[in-house]
Amino acid sequence: AKIFDPPPTPSQTVTNLMAQVNVVSLPVTVTAPLTSTLTAATAAFDRGQTNAGVNQLQAFQNKVSAQSGKAIPTATADALIAAAQSIINAVGGR
């Protein structure tokens, strides 16, 4: 058994965020653009393109924000935006 697990990569944390999006019962018209943006972020991080990954996460935040209090309950939207921000902060974005 490993004593220490390596910290998750940005891609892994984005994948976890995508899982959170999929757990919330939202119409596919809302989840599809969110998950496609997160997929693009994962791909960017996998290529080592941190800035592109951060840009995708910021686009995700904007999409979630636009649906906050509408298709996405405000508390859920706030949690998703905060989760994305924590990934941005972890990779050194702003």
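The legends below describe close-up views of a predicted model.

**View 1. Confidence along the chain.** Mean pLDDT (the predictor's confidence in each residue, from 0 to 100) is 92 for the chain, and 96% of the residues reach 70 or more. Confidence is lowest in H1, with a mean of 93, and highest in H3, at 97. Residues are numbered from 1 along each chain as its sequence is written, and side-chain values use heavy atoms, without hydrogens and water. Local features need pLDDT of at least 70 and side-chain atom pairs pLDDT 80 or more, while totals for chains, interfaces and linings use all residues.

**View 2. The largest nonpolar core.** This core (buried Ala, Val, Leu, Ile, Met, Phe, Trp, Tyr and Cys joined through side-chain atoms within 4.5 Å; buried is under 20% relative accessible area, 1.4 Å probe, protein chains only) has 21 residues, of which Leu17, Leu38, Leu57 and Phe60 touch the most other members. Two or more residues each come from helices H1 (10-23), H2 (28-46), H3 (50-67) and H4 (74-90), helices being DSSP runs of H or I with at least four residues, numbered from the N terminus. H4 gives the most, six residues.

**View 3. Surroundings of Leu57.** Leaving out residues up to four places away in sequence, Leu57 touches (heavy atoms within 4.5 Å) Val14, Leu17, Leu38, Ala41, Phe45, Ala84, Ile87 and Ile88.

**View 4. Packing of H1 and H2.** The two axes (lines fitted to C-alpha atoms over the stretch in contact, angles from 0 to 180 degrees between N-to-C directions) come within 9 Å and cross at roughly 170°. H1 and H2 are therefore roughly antiparallel, the term for angles over 145 degrees. Contact residues include Val14 and Leu17 of H1 and Leu38 and Phe45 of H2.

Terms used: Buried means under 20% relative accessible area, exposed over 50%, partly exposed in between (1.4 Å probe, protein chains only). Angles under 35 degrees count as roughly parallel, over 145 as roughly antiparallel, 65 to 115 as roughly perpendicular and the rest as oblique.
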